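Look over the sequence and the structure before reading on. Then use the report below as a guide.

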Amino acid sequence: MGNHLTNPLPPDVKWSVSALDGDKTSGINIAGRLDVESVGTIWRDLTRAARKAKATRVLLDAQDLTYCDGAGMSLLVELRRIQTASGGTFEIEGLREEFR
């Protein structure tokens with residue numbers, strides 16, 4: 001899964017979803033700028049991938065995230081909402097202090 005989009009990605013954002021522990025844990029990696037321009041492009045595809053994963057735990061790796069505005073934070077909140085609504089857990093690793 002990942003980067004199978006209907007719209008082209010801005011050149012400064014990349015994402016992927018992968019299985020980390022069989023079907024129990026999914027990993028999401030987001031790199032680059034997560035802002036109003038890039039979020040509009042990836043929102044539907046990334047939230048769809050999160051729903052399809054059906055993992056009990058989602059681990060988002062944000063260490064390569066270079067910028068995150070309010071739109072980017074909204075996407076992270078939505079990913080968390082999707083995961084917790086199904087009874088799972090959602091964790092973010094590597095998020096820079098200035099984005100917290």
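## The model

This is a predicted model: local features need pLDDT of at least 70, side-chain atom pairs count only at pLDDT 80 or more, and totals for chains, interfaces and linings use all residues. Residues are numbered from 1 along each chain as its sequence is written, and side-chain values use heavy atoms, leaving out hydrogens and water.

Helices (H or I, at least four residues) and strands (E, at least two) are DSSP runs, numbered from the N terminus.

## Helix α1

Helix α1 covers residues 36-53, which makes 18 residues. Expected span is 1.5 Å times one less than the number of residues. Just after α1, Lys54 takes a positive phi of about 50°.

Which residues of α1 are buried? They are Ser38, Val39, Thr41, Ile42, Asp45, Leu46, Thr47, Ala49 and Ala50. Buried means under 20% relative accessible area, exposed means over 50%, and partly exposed lies in between (1.4 Å probe, protein chains only). An α-helix has 3.6 residues a turn, so residues three or four places apart point the same way. The buried residues of α1 pack against β1 (13-19), β2 (25-34) and α2 (70-85).

Thr25 lies in strand β2. Its relative accessible area is 6%, so Thr25 is buried. Setting aside residues up to four places away in sequence, Thr25 touches Ser18, Ala19, Leu20, Ala55 and Arg57. Contact means heavy atoms within 4.5 Å.

Gln83 sits in helix α2. At 3% relative accessibility, Gln83 counts as buried too. Its side chain reaches the backbone oxygen of Thr56 at 3.3 Å. Beyond four places in sequence, the contacts of Gln83 include Ala55, Arg57, Val58 and Phe90.

## The nonpolar core

A nonpolar core is a set of buried Ala, Val, Leu, Ile, Met, Phe, Trp, Tyr and Cys residues joined through side-chain atoms within 4.5 Å. The largest one has 23 residues. Ile28, Ile30, Leu34, Leu46, Leu60, Leu65 and Leu79 touch the most other members. Two or more residues come from each of β1, β2, α1, β3 (57-61), β4 (65-68) and α2. Helix α1 gives the most, with 5 residues.

Note on methods: A polar contact is a pair of N or O atoms within 3.5 Å; within protein, one must be able to donate a hydrogen and the other to accept it, and residues adjacent in sequence count only if both atoms are side-chain atoms.
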